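Work through the exercises below with the sequence and the model open. Each task is followed by a solution in steps.

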Amino acid sequence: MAQYYNAATSSTYAFYYYQKYTYTNASVKSTFDQIWQKSYQLIGNCNTIIEKCGSSNEVLPAQYFGIIKGEALALRAMLHLDLLRLFGPIYSAGSTTPAIPYMTAQDYEIQPLLSSEKVCENIIKDLTDALALLADTDPVITEGVKNFANTTGDNSLNYRQYRLNYYAVKALLARTYLWMGDKVNALKVSEEIINSVQNPEKQIFPFVTSANATSATIPDRVFSTEVLFSLYSSNRVQMHNALFLPTLEVNRRLTFAGTLTDGRVNELYDDKNDYRYKIWSNYNNNGTNVLYHRKFEDMSDTQGASNAWRYMVPLIRLGEVFLIAAESSSDLATSIQYLNKVRNSKSCFSVNPASYDLMMNYVTLEFRKEMLGEGQLFFYYKRRAMQNVANGALSAGNVNVALTSYVVPLPDSEISQRIN
C-alpha cells in the first residue's frame with residue numbers, strides 16, 4: 001500500500017488489490033475486517049487488565065502495578081492510534097470527521113464514532129497516564145533494556161525492548177503529536193527522548209555499530225540496539241520465508257524493481273556504504289538473478305553469537321524519533337543536524353539541503369530506508385497527504401495516489417452494528 005515493492009501488473013500478484021487500493025475486493029475486505037476485530041479484541045484485553053489493576057497498588061506491588069497498568073494503557077493507546085491511522089481520515093483534512101470508537105471499558109455496548117481530534121485526545125491522555133506510572137517503575141530508565149534472562153526465572157522486568165517501555169511510550173506520544181500536526185509538542189517530546197537515550201554517559205538505545213551491522217557471520221540487519229519497542233515473534237522466519245525468500249514465485253515475493261546496481265535500490269541508497277544498503281543482495285535462482293531483501297532473514301545462535309534479536313519485529317525505532325525531530329524543528333540547521341544524525345549513524349555522508357522542502361525530501365528518503373518492512377511508510381505518506389510517491393512497480397518514476405486511497409472504509413462487521 002506504500003508502493004514499496006515491485007508488483008506484477010495483473011491480479012495474479014498476491015498483493016495486487018492492496019497495492020491498487022481496491023477496498024471492495026473480498027479478500028481485502030476480509031483482511032481489514034480481521035484487523036479491526038482483532039485490534040478491538042486486544043483493546044478489550046487491555047481494558048480488562050486496567051480494570052483489574054484498579055486505581056492504586058492494592059492488588060499488585062507498587063512496581064508491578066506501575067509497569068503492568070502503564071503498559072496496558074500505552075498498548076490501548078497504540079492500538080487505537082493504528083486503527084485511526086488506517087481507518088480514519090487524513091488528519092489535516094478531516095480532524096472533526098467521525099472516525100473510530102475509543103474503547104475504555106470491557107463491555108459490549110456500541111460506542112459512538114469519535115472524531116480524529118477526540119480520539120487523539122484520548123490517546124494522549126492514555127499515553128500521559130502511562131508515562132506517569134512508568135516514570136518511577138520501569139527499569140529501562142536506570143538499568144537499560146536488560147536483554148538477558150533473570151536468574152530467578154521472572155523476566156517480567158527484563159527484555160524491555162519487547163515491552164512497551166517508558167521511552168517507547170514517549171515515542172508513541174511524539175508520533176501522535178506529529179500525526180495531529182502539532183510540531184511544537186512533537187519536537188519537545190522527541191528531543192526529550194534523544195537527550196535521555198543518547199546521553200553519552202549512558203546510551204540506553206545506541207545506534208548499531210559497524211561491526212554488528214556488517215558482521216560476516218551474524219549481521220544485525222534490524223539494528224536491534226535502536227529498536228525502542230518490538231514484537232517477539234518466534235514465527236519471524238516463517239514471515240520472512242512467506243514474503244521475501246528469493247525462491248518464492250515472482251507473484252508472491254516482495255522485492256524492489258531492478259537489481260543492486262540499478263532501479264529502486266540504486267535510487268534509494270545514495271551512499272553505498274549505507275548499512276541499510278547491505279540488507280540487499282543478489283541471489284541466483286536457477287539461473288535467474290533475483291534481488292533479495294534480507295532484513296528479517298533468520299540468524300540463529302548456532303552461527304556463533306548470542307542473539308537477543310533473532311525473533312525481533314520492530315514497531316518503534318530510534319530513527320523515527322530523530323526524523324520526527326528533523327521534521328518538527330522550525331530551525332533548518334537543527335533539522336539538518338537531526339537528519340544527518342540518522343544518515344551518519346548508518347555510515348552515510350552528510351547533506352546540507354538549502355531549504356526546508358529539500359530537507360523534507362531527504363527525510364522521506366531516510367524514512368523509506370529506516371522503516372523498510374516495518375509497516376510505517378503508508379502512514380507517513382497519509383499524514384503528509386502525499387499524492388506523488390515512488391512507484392514500486394517500476395525501476396524509476398512516481399505513481400499518483402488519490403487522497404481517498406489513504407482511507408480504508410470501516411468494515412461491514414462494524415457498519416452492520418450501527419444500522420438503525
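**Exercise 1: a loop residue**

Leaving aside neighbours within four places in sequence, Asp-274 is in contact with Tyr-269, Lys-346, Ser-347, Cys-348 and Lys-369, where contact means heavy atoms within 4.5 Å. The model is predicted: local features need pLDDT of at least 70, side-chain atom pairs count only at pLDDT 80 or more, and totals for chains, interfaces and linings use all residues. Residues are numbered from 1 along each chain as its sequence is written, and side-chain values use heavy atoms, with hydrogens and water left out.

Task: where does Asp-274 lie, and is Asp-274 buried or exposed?

Solution.
- Step 1. Asp-274 belongs to the loop between helix H11 (263–268) and S4. Helices (H or I, at least four residues) and strands (E, at least two) are DSSP runs, numbered from the N terminus.
- Step 2. Its relative accessibility is 0%, so Asp-274 counts as buried. Buried means under 20% relative accessible area, exposed over 50% and partly exposed in between, with a 1.4 Å probe and protein chains only.

**Exercise 2: two further residues**

Task: find the elements that hold Ser-281 and Thr-176, then list the contacts of Ser-281 and of Thr-176.

Solution.
- Step 1. Ser-281 is part of strand S4 (residues 280–285). A relative accessibility of 14% makes Ser-281 buried.
- Step 2. Not counting residues up to four places away in sequence, Ser-281 touches Leu-260, Val-290, Leu-291, Tyr-292 and Arg-294.
- Step 3. Thr-176 sits in helix H7 and, at 0% relative accessibility, counts as buried.
- Step 4. With residues up to four places away in sequence not counted, the contacts of Thr-176 are Leu-81, Cys-120, Ile-123, Ile-124 and Leu-127.

**Exercise 3: the nonpolar core**

Task: which residues have the most contacts inside the largest nonpolar core, and what does Ile-100 touch?

Solution.
- Step 1. A nonpolar core is a set of buried Ala, Val, Leu, Ile, Met, Phe, Trp, Tyr and Cys residues joined through side-chain atoms within 4.5 Å.
- Step 2. The largest such core has 117 residues, and those with the most contacts inside it are Phe-87, Ile-100, Leu-164, Phe-256, Trp-280 and Ile-316.
- Step 3. Beyond residues up to four places away in sequence, Ile-100 touches Trp-36, Tyr-40, His-80, Leu-83, Leu-84, Phe-87, Pro-112, Leu-113, Leu-114 and Val-119.
- Step 4. Ile-316, in S6, stands opposite Phe-229. S3 and S6 pair in the antiparallel sense over five bridges; pairing requires that DSSP finds at least two bridges between two strands.
- Step 5. Six of the six residues of S6 are buried, so S6 is largely enclosed by the rest of the structure.

**Exercise 4: pockets**

Task: describe the lining of the largest pocket and of the second largest pocket.

Solution.
- Step 1. On a 1 Å grid over the protein atoms alone, a cavity is a set of points where a 1.4 Å probe fits but cannot get out; a pocket is an open set with protein on both sides within 12 Å along at least five of seven lines, and lining residues have an atom within 4 Å of a point. Grid points are joined across faces, edges and corners, and a volume is the space filled by probe spheres set on the points.
- Step 2. The volume of the largest pocket is about 1800 Å³. Its lining numbers 46 residues, with Ile-35, Glu-374, Gly-375, Gln-376 and Phe-379 closest to the centre.
- Step 3. Elements that give two or more residues to this lining include helix H2 (26–53), helix H3 (62–87) and strand S6 (312–317).
- Step 4. By class, the lining of the largest pocket has 33 nonpolar, nine polar and four charged residues. Here Ala, Val, Leu, Ile, Met, Phe, Trp, Tyr, Cys and Pro count as nonpolar, Asp, Glu, Lys and Arg as charged, and the others, Gly among them, as polar.
- Step 5. The second largest pocket holds about 500 Å³ of space. Among its 20 lining residues, Tyr-40, Met-103, Asp-107, Tyr-108 and Glu-414 lie nearest the centre.
- Step 6. H2 contributes the largest share of that lining, seven residues. The classes in the second largest pocket are eight nonpolar, eight polar and four charged.

**Exercise 5: the largest cavity**

Task: which element gives the most to the lining of the largest cavity?

Solution.
- Step 1. The largest cavity has about 140 Å³ of space, and of its 13 lining residues Arg-175, Leu-178, Glu-320, Phe-367 and Arg-383 are closest to the centre.
- Step 2. H12 gives the most, with four residues.
- Step 3. In H12, 11 of the 11 residues are buried, so H12 is largely enclosed by the rest of the structure.
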